[in-house]
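Keep the coordinates open while you read.

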Amino acid sequence: AAVAADATDVAALHSGKCVPRPGVAPRWPVESYLEHKGAQFADAFDANCFLTLSTCADLMDLGRGHASYIDGVARVRCERVHLAAVTDDIIVPYAQTRELHTLLTALGRNSVMHTHTSPAGHDAFLVDVAYYVPLLRRCLEEP
């Protein structure tokens, strides 16, 4: 497969679809687009907000400050809890979300689990817009 990829790269280089730079890998036209979009993103969002959100997600522990994880989950007092899980997510494994759903249900909470399969894994919510936008609308419009 690596040989095929190298042959494809060489063919693209000779067809003029990428620009060679001395001592650097060929530059593909999409790279300038990605750099432009990255700069737009960096201008629009404060990196500190992203770092704070990312840290909060990394440190999330429903059991923190309680005798057990179950005691922490028992604090959830919502009319309905919607959990969205991607079967191929390796950052937040599907089994972990399923376990939370099962626990919430056992505790008498109205938990709804939405399962999605996507090769994008954890990033599915960023690319599978056709799935997530209608799902979020339905969840938000529920009484």
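Val81 touches Val76, Leu104, Asn110, Ser111 and Val112, leaving aside residues up to four places away in sequence; contact here means heavy atoms within 4.5 Å. Before going further, note that this is a predicted model, where local features need pLDDT of at least 70, side-chain atom pairs count only at pLDDT 80 or more, and totals for chains, interfaces and linings use all residues. Residues are numbered from 1 along each chain as its sequence is written, and side-chain values use heavy atoms, with hydrogens and water left out.

Val81 also belongs to the largest nonpolar core, a set of seven residues: Leu62, Val73, Val81, Leu83, Leu100, Leu103 and Leu104. A nonpolar core is a set of buried Ala, Val, Leu, Ile, Met, Phe, Trp, Tyr and Cys residues joined through side-chain atoms within 4.5 Å. Buried means under 20% relative accessible area, exposed means over 50%, and partly exposed is in between (1.4 Å probe, protein chains only). Strand S3 (81-86) and helix H5 (94-106) each put at least two residues into this core, and H5 gives the most, with three. Apart from it lies another core, of five residues, including Val86, Ala124, Leu135 and Cys139.

Stay with H5 for a moment: Thr97 lies in it. Is Thr97 buried or exposed? Its relative accessibility is 10%, so Thr97 counts as buried. Its contacts, again not counting residues up to four places away, are Leu83, Ala84, Ala85, Val92 and Met113.

Now for the charged side chains. How many salt bridges are there? The count comes to one, taking a side-chain nitrogen of Lys or Arg within 4 Å of a carboxyl oxygen of Asp or Glu. The pair is Arg80 and Glu142, with the closest N and O atoms 2.7 Å apart. Arg80 sits in the loop between helix H4 (69-73) and S3, while Glu142 is in the segment after helix H7 (129-141), so the bridge ties together parts 62 residues apart in sequence. Arg80 counts as partly exposed at 30% relative accessibility, and Glu142 is partly exposed too, at 33%.

Zooming out, the chain has seven helices and four strands, running α-β-β-α-α-α-β-α-β-α-α along the sequence. These are DSSP runs numbered from the N terminus (helices: H or I, at least four residues; strands: E, at least two). Of the 143 residues, 20% are buried.
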